[in-house]
Amino acid sequence: MKYDFNEVEAKWQKYWAENQTFKAVNNSEKPKYYVLDMFPYPSGAGLHVGHPLGYIASDIYARYKRHKGFNVLHPQGYDSFGLPAEQYAIQTGQHPAITTAENIKTYRRQLDQIGFSFDWSREVRTSDASYYKWTQWIFIQLFESWYNNDSNKAEDISGLVTIFETEGNTNVNAVSDDNVEVFSAEDWKVFSSKKQQEILLQYRLTYLAETEVNWCPVLGTVLANDEIVNGVSERGGHPVIRKKMTQWSMRISAYAERLLQGLNTIDWTDSLKESQRNWIGKSVGASVLFPILSFPRGEEKAGSYTRAGYMTGGNNSHLLLERAKEMRANPTQAEAVLWEQLRNKNLEAKFRQQHLIGDYIVDFVCLKKRLIIEVDGKIHESQIEEDAKRTEILENDYYKVIRFTNEEVLGDIESVLENIKKELAQRESIQSKSQQSEQEQSEQVPPSGARGIEVFTTRPDTIFGVSFMTLAPEHELVSQITTPEQKEAVDAYILATAKRSERDRMADVKTISGVFTGAYAEHPFTKEPIPIWIGDYVLAGYGTGAVMSVPCGDQRDYDFAKHFNISIPNIFEGVDISEEAFSDKEKTIIANSDFLNGMNYKKATKRAIYELEQLGQGEGKTNYRLRDAVFSRQRYWGEPFPVYYVNGMPQMIAKEHLPIKLPEVEKYLPTETGEPPLGNATVWAWDTNTNQVVSNDLITQSTVGGNQDKGIYPLELNTMPGWAGSSFYFNRYMDPDNDNEMASKEALDYWQDVDLYIGGSEHATGHLLYSRFWQKFLFDKGVVPVDEYAKKLINQGMILGTSAIVYRISGTNKYVSKGLKDSYDVEEIRVDVNMVNASDEIDIEALKKWQPQFNNAEFILEGSSYIVGREVEKMSKRWYNVVNPDAICAQYGADSLRLYEMFLGPLEQYKPWNTAGITGVHNFLKKLWKLYHQGENGTFHVTSSPPKERLGEALKTLHKTIKKVEEDIENFSFNTSVSTFMIAVNELTAQKCKSKEILEPLLILISPYAPHIAEELYSQLGHNESISTADFPKFDASHLVESSKNYPISFNGKMRFTLELPLDLSKDAIEAAVMAHEKTKEQLGGRTPKKVIVVPGKIVNIVG
RNA sequence: GCUCAAGUGGCGGAAUUGGUAGACGCGCUGGAUUCAAAAUCCAGUUCUUUCGAGAGUGUGGGUUCGAUUCCCACCUUGAGUACCA
C-alpha cells in the first residue's frame, strides 16, 4: 500500500470536521489549557508559506496538551476590519463586506488543508455586528469610567459626579486632562449641563478632545504612533503631517504604571517586554519650577518686584503685570477721571486699577464684590467679539462686568457713579472657597511671579550645575519672554525650525543650533539669573518641552554650551569635564553644590527634591513617554461608534440598542466637505424616541433643546481603529455566541486567560499593549477575572523568501549563468523561484514561457545548466519569491509542510524558505509509512507479539524519543524533535521493528506534528477513535540504562581516541585502564603525564 | 547613539550545570538497481595535508586539565527605539 498523502489528508480533515473532534467544552473534569494564535487579517493575497508557521507551532502544542489530558481551547477567527478592503472598495465599488467574506473563504480553505485542530465553532470576525456589539459596549464602559489614583483603578463615572456634587473637585486624585479648572460643589451645581459634560469629558477614560494627530493626506485618515514607521505610514509609505483635530482618545496613560509592572508577572520574551518598557518610557526624577526674571540680567534683581499677591495670572502673569503697570502710568483721560472718583473710596468699596484677573487686565475691579468696570474708547468691530468672550469667561468666574464709554465717563460722571453704586448694592460680598484658597496659594508663591518655567529632570542632584535653560522652539512661553532685542533672531530661528520637516530634524542630530531669548530665569537655590535659550534639541512633545541644562552632566547640554560659549560649571568631585560631560550616575559625588556637597547620586537626588518641595518650587515626579491613544479613524470599514451628538456633546447609546450597525454609503471616500466616509450615509441619525437609526432628514439640530426638538440627533462619523476589535477577542472566544454579555461569567471564570499565545513581534507596541490596557480596564470593572490575559507569549520569526536571480548582459538579451557573470557587465533580474530546483538550476523552458522578454533570450550555461543567484529577503510578490502552501500541500502534503516549517529552524528565528529541502521530511514520512507496511508487496504489517531479540533496542529507541520529544515540545524546540523522529524511524527501520508495542506509541509522539498520517496509521492499527486524545506515552528511564561508556580520551584537551569501559568502574580503575592502553602510550611517546583528569561517565583528559 | 537578539561546513541548522564540535536534513561525490529516467537503497562529504598529522565555532585577549558554552574588548548582521532631559 502506497502512502497516498492527498487521500489520507482529505479523509482525516473531513473526519475531524464531521466529528467536531476539536470542539472545546466550557466545563470539564480535565484541567483547562488555552492556546491562542494572533488571528489574521484576511488579505486578498491569501496565505503564503510564511503565514502558517506560528499556527503550526501552536497547533502542535495544542495537540500535545490534548494528549496530556487537558481540555484545550484552540480557536481561530478573523481581524476582518481594515484598510485594504476599504481601498479595494474605493477602487472597485465592491462592498468591503463582500471582499472580506471572499477572502475569509480562501483563508479558511487554506487553513483547513493544513490540518489545524481549531475549534471552528467558536470563530469570531471583528466585522460581524454580533461581535462589534461588544467592541461598542466596551467603548461605552470606558466612557462611563474615570481613573481614581487613590484606589488605583477605573471606577464608575457616577461616583465622580457624586464627589463633584458634595465637595467639588479639589480633593479628586484622578488621571485627567492637564488643564482642569478647580471648582466647588456649589460651583458644580450651578454649572450648565453642557459645562458639566465638558468637565466630565476631561476625566473619562475615553474622551473627545482636540489633539494634534498624525494625519495622512493620501490615506485620508489619522494614524497612531505605532502605525507610522520612519515618518511615513506603515501601510503604503505615505507622508504624515501633524494636524489638530477633534478626536476620540483613550486614556491609556492612566494605566502606564500598571502596564509596566504587569510585565514582571508574565512570561513573554525579554525583547518584547523591553519594547513595551521603552514605549511606556518611565523616567523618575523631579519637576522643577524656574521663575522667570523678565529682564535681562542687571536691570532688575529677583525680589524687587511688586508682590503679585492675589493676582491670578497664568504663566504670563509677569508680563501682564508689566503691561498693567504701564497702563496705570498712562491712563486714558476717561480712566483717569473715573479713577479719581473710585480711588478715594467715594463709593465705600475698594477698587483697584488696571488689575490682573486671570489672563486679563481689567480697568477697574472691586474684588470684594467681584464687580468689574471697563471703560472703552472707540472700539473696532473685531474687538466686540473678543470683549464678549472675555466678559463670558469673567462672568463664569462670578464677576459682573459693566461697561461705559469714554463719552459717558467724561460727559456725565455722576450718572456713571450712580450706576456703579446700584450695581455694588446688588452684589453681595462674595468670597468663595476657591477664591480663598487661590489667595492663600498665591500668597506663598515666590515674589518674582506666580509661575515660571516648569522642567522635568531625571537628575535633580545636578541642579547646581545648571548654567542655562533651553526651551523647545515651539514652547508657548517663547514669544512672551523674548526681549525686543532678541525677537528678530528668535523669530527667524523658529521659522527655520518649523520649515524643517520632522524627518530632517531627526536625521540631522549633529548640527547644534539655538538662539538666546534675552530672558532669564531664577535658580531656585542660588537665586542667580539663568539665561533662557531655545534650541531644537529640546522636543516640545516630551516632558514640559523645556529643560534645565546641566552641561557638565549631559552631553547634549555640554555640546550646546561649548558651541555657544556658555559656562560649564563642574559640580562633580574629581572628574575632568574638559572634553566631555560626565553622565555616570553610579560614580557621582556632588561638589560645589551647597547642601548637596559630598553626596552620591541617590542621596543628592532625594535631598534636592526635599529642598525644592520646601520652597514650593518642585516635587518628585515620574514621567511617562506613553501618550493617550487616538481612537478615531476617518474610515468606512471599521466599528461605528455608539455615539450621537446633542448640542455638540457626545451621548452614548444604551447597551440594549447595540449593535449600531455600519450604515450603507454610496461612496467610501471622504465627503466633499471633508467629512469621513460615514458622512455619505443618508440613514445615520439617532432617534431617541424609538431608539433606532433613522434618516438624516429627520435631524432637527437647529432647534435642539427648543420646542421643535424631536429628539433625533446626528451620529458619530468616525469609526474605530484597527486595534479596537483585537483588544478583547481572546475573551470573546470563551463564549462567542453570547448575545447578552461579552462572555458569561462562568465561561470567563473557567478559561481565565490564555496559557500560550503565539504571534509576531511586530505587534509589540500596538495590539499587545492596547489589549493589555483593555484587559486591565475590564478587570477593574469586574468583567474579567484576571488583569493580564496571556501568561506566556512566544514570537514566531518570519520565514523569508529566497529570491532567484538571473544575470542579463547589459544591453543584450543574453543571460549568463551565475558562475560566469563576473566576466560580464550584468544586470540582476529576479525571476520566479518556483522555476528553480534544489541545485539552483533554472528550468529554462519554464522561464521562456514565464515572461515574453525571455522568449527569445539566449542563455550562457555552466556545463549543461543555468545556475541562478540567490538572495534572502522578505517574501513579496515584487521579488517573485512567494511560495504558496497550496502547491506544497498538493505536491508533498500538509504533514510534510507542517514538519518542514518546524524543521527549518528555531521557531523564534528569522529563516529563509527553500522549497528544495522539503524532500527530506517528505522522505521521512514515506519511511515512517513503510515501517508499518513491511508485509508482502508493502501491505500493512504490525505484530503485537514482539520478536524477543530486537525489542530491547527498539524500546531504547522509543523511550529515548519520548524523552527528547517531550522536552523539546515543552521548550518549543520543534525543529529538534523533527530530527529526533527521523533518528527514531531510521533506527527502527534498521532494527526491522514490526512491534505494535513500539509503533503505536511512536504514532502518538508524531501525531501533533503530522496528524494526518498518524491518524491513518493509528486507525490501521485497529482504533476507531481519533488519535487526538490518546494518552501521551510515559517515559521509562529503565530502558535507557547503560552498562558501559565509550570514553573520549583527550590529550591536553584534544580528543584522540575513544575507549569502551564499564560505567561502574572507579576513577582509579578508569585511569589505570586508560594509562595501560596502547594508544595512550603512543600519544605520550614516552613522556610522563603531569596530571590525569578523570570524570566518570564523561571524559578522560591527560595533561602533559 | 541606546536596548535586545544573533554570528558554527556549500546551505538550513544541532550540541551549553564547561567534557567526543558539525546531530538531523538539503546539496554534492561515488556505487547498486534500471535499456534509460524517476523512485529507492548503500557509502562518503568541515578545511588543510608531505596521509604522520595539523587547524577549526566572527576577531583579539583571559579564566580552566578542558571553552561553541564563562569573563573582557572589538567587528559584523538583524530587530526595536531614538536629540526622552
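What share of the 1104 residues of chain A count as buried? The answer is 39%. Keep in mind as you look around that this is a predicted model.

**The whole chain**
- Chain A has 34 helices and 39 strands.
- Its C-alpha atoms fill a box of roughly 130 × 85 × 70 Å along the principal axes.
- If you take the contacts in chain A with a separation of 6 or more, 71% of them are between residues 24 or more positions apart.

**Around the RNA**
- RNA strand B is surrounded by 62 residues.
- The closest of these are Ser-271, Gly-905, Gly-920, Pro-1048 and Gly-1053.
- Sorted by type, the residues of this surface come out as 27 polar, 22 nonpolar and 13 charged.

**A three-stranded sheet**
- Look for an open sheet with the strand order β26-β25-β27 and antiparallel pairing.
- β26 (692-694) and β27 (712-714) are the edge strands, so named because each pairs on one side only.
- On average, and ignoring direction, neighbouring strands in this sheet are turned by 35° against each other.
- Strand β25 (residues 685-687) runs antiparallel to β27, and three bridges join the two.
- To find one bridge yourself, go to Trp-686: its partner in β27 is Tyr-713.

- A bit of background first: most residues other than glycine have a negative phi, and most peptide bonds are trans.
- Leu-658 and Pro-659 are joined by a cis peptide bond, with omega at about -5°.
- You'll find Pro-659 in the loop between β24 (649-652) and β25.
- Asn-565 isn't a glycine, yet its phi is positive, near 60°.
- Asn-565 sits in the loop between α20 (555-564) and α21 (601-615).
- Is Asn-565 buried or exposed? It's exposed, because it has 7 other C-beta atoms within 10 Å, and the cut-off for exposed is 12 or fewer.
- Gln-752 also has a positive phi, about 60°, although it is not a glycine.
- The loop that holds Gln-752 runs between α23 (745-751) and β28 (756-759).
- Gln-752 counts as partly exposed because it has 16 C-beta neighbours inside 10 Å, which falls between the exposed limit of 12 or fewer and the buried limit of 20 or more.

Methods. Residues are numbered from 1 along each chain as its sequence is written. Chains are lettered from A and ligands numbered from 1 in the order in which they are written. This is a predicted model: local features need pLDDT of at least 70, side-chain atom pairs count only at pLDDT 80 or more; totals for chains, interfaces and linings use all residues. A residue is near a molecule or strand if its C-beta atom, placed from the backbone, lies within 6 Å of it. Ala, Val, Leu, Ile, Met, Phe, Trp, Tyr, Cys and Pro count as nonpolar, Asp, Glu, Lys and Arg as charged, and the others, Gly among them, as polar. Helices (H or I, at least four residues) and strands (E, at least two) are DSSP runs, numbered from the N terminus. Axes are lines fitted to C-alpha atoms, for helices over the stretch in contact, and angles run from 0 to 180 degrees between N-to-C directions. Two residues are in contact if their C-beta atoms, placed from the backbone, lie within 7 Å.
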